[in-house]
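Have the viewer open as you read.

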Amino acid sequence: MINIDELKSKAIEGIKNAKSLKDLDDIRVNYFGKKGEITAIMQSFKDMAAEERKTLGKVVNDARESIENLIKDKQTKFNEAILNEKLKLESIDVSLPSKKVGIGHFHPCTIVFNDVKNIFEKMGYVVVTGPEVEYDEYNFEKLNIEKGHPARDEQDTFYINDKVLLRTQTSPVQARVMEKGKLPICMISAGRVFRSDSVDATHSPTFHQIEGLVVDNDISFTDLKGTLTMFAKAFFGEDIKTRFRPHHFPFTEPSAEMDVSCFKCGGKGCRFCKNEGWIEILGCGMVNPRVYELCGLDKDKCQGFAFGMGIERLALLKYEIDDMRLLYENDVRFLNQFD
């Protein structure tokens with residue numbers, strides 16, 4: 001009993017002096033582990049007489065219970081202290097200003113598309129969409145690009161089968177609208193197109209176009225020039241000048257390419273415009289009468305014009321970007337410049 005009282009006093013002193021949960025665990029193992037001192041005493045009961053075992057057992061059990069309770073109480077205090085310290089570190093000062101939350105913003109191509117769309121909508125144009133997986137009939141044949149036509153080779157088409165392909169332009173949407181036979185037509189179509197081009201600073205196998213179509217019974221090339229000049233001034237600035245150069249497109253006749261005066265040098269010539277003073281931005285022309293026939297309209301009663309431009313090209317020009325690949329690499333450092 002004297003040894004038990006000494007063990008109990010020693011254990012109590014050790015518990016009071018414990019500095020951590022590890023110290024408490026060491027004390028627990030020292031007294032109650034497989035080779036612990038209290039464990040050894042309890043194992044010696046089998047060699048004692050019954051009366052002695054009963055008397056000594058009560059004393060040992062009381063000592064064990066007291067030590068265990070003290071260990072649990074000290075563990076609770078340590079855990080509370082640890083929790084309080086953790087709460088201090090995780091506490092929130094509601095009086096502090098909030099952190100700035102990052103929000104998304106439009107991609108430069110989306111910004112350009114919205115600008116172009118808004119300009120034409122103010123002129124009365126309606127936005128029409130169509131399928132990206134298109135029939136050869138609409139992508140080529142109804143646009144006066146028959147089988148064997150060299151324009152098919154120039155566009156390097158992704159064919160799914162003999163009759164189905166990934167559209168190489170948004171013009172098929174115009175053919176679908178014309179075949180409905182409802183005049184007048186005043187529309188723009190925009191979306192993703194596909195061509196088998198190698199990736200470089202100015203080419204990509206997938207890019208975006210926006211094309212326009214106006215058809216009525218009294219439309220002239222003057223209307224085309226006036227419309228596109230108004231667009232150029234709204235998009236690039238009032239000081240912009242335009243010029244039209246003869247070109248060839250199967251869809252239009254006569255056809256032209258439109259240039260704008262360089263908005264960097266004012267037409268004097270610089271690196272941006274390759275010292276020419278002019279920058280080509282789109283193709284256009286009066287709708288070929290053959291297209292009216294292919295789409296089921298009366299070519300003698302219809303007149304109209306069409307135009308088309310690349311969204312990426314406009315973005316490169318507007319923001320003075322020298323590599324088209326930057327638009328698709330999703331580098332946050334680049335995209336954040338358009339926030």
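## A bridge in the sheet

Ile210 has Met309 of S9 as its bridge partner. S5 (206-216) and S9 (303-310) run antiparallel and are joined by 8 bridges. Strands here are DSSP E runs of at least two residues, helices are H or I runs of at least four, and both are numbered from the N terminus.

This is a predicted model, where local features need pLDDT of at least 70 and side-chain atom pairs count only at pLDDT 80 or more, while totals for chains, interfaces and linings use all residues. Residues are numbered from 1 along each chain as its sequence is written, and side-chain values use heavy atoms, with hydrogens and water left out.

## The whole sheet

Zoom out and you get an open sheet of 7 strands with mixed pairing, ordered S1-S4-S5-S9-S8-S7-S6. Two strands pair if DSSP finds at least two bridges between them. At the edges sit S1 (126-128) and S6 (242-249), each pairing on one side only. From one strand to the next, the twist averages 25 degrees.

## Helices lying across it

H5 (108-122) lies across S1, S4 (185-194), S5 and S9, at about 165 degrees to S4. H8 (residues 171-178) also lies across S1, S4, S5 and S9, running at about 145 degrees to S4. Axes are lines fitted to C-alpha atoms (for helices, over the stretch in contact), and angles run from 0 to 180 degrees between N-to-C directions. Contact means heavy atoms within 4.5 Å.

## H11, mostly under cover

How many of the 8 residues of H11 (311-318) are buried? The count is 6, with buried meaning under 20% relative accessible area (1.4 Å probe, protein chains only). They are Ile311, Glu312, Leu314, Ala315, Leu316 and Leu317. Their cover includes H5, S5, H9 (221-236), S8 (278-287) and S9. Just after H11, Glu320 takes a positive phi of about 55 degrees.

## H2 against H4

The axes of H2 (residues 21-32) and H4 (residues 50-90) come within 10 Å and cross at roughly 165 degrees. That makes H2 and H4 roughly antiparallel, a label for angles over 145 degrees. H2 brings Leu21, Leu24, Ile27, Arg28 and Phe32 to the contact, and the H4 side includes Arg64, Ile67, Glu68, Ile71 and Phe78. The contact residues split into 8 nonpolar, 2 polar and 4 charged. Here Ala, Val, Leu, Ile, Met, Phe, Trp, Tyr, Cys and Pro count as nonpolar, Asp, Glu, Lys and Arg as charged, and the others, Gly among them, as polar.

How values were computed:
Parallel < 35°, antiparallel > 145°, perpendicular 65-115°, else oblique. Buried < 20%, exposed > 50% of the residue type's maximum accessible area, 1.4 Å probe, protein only.
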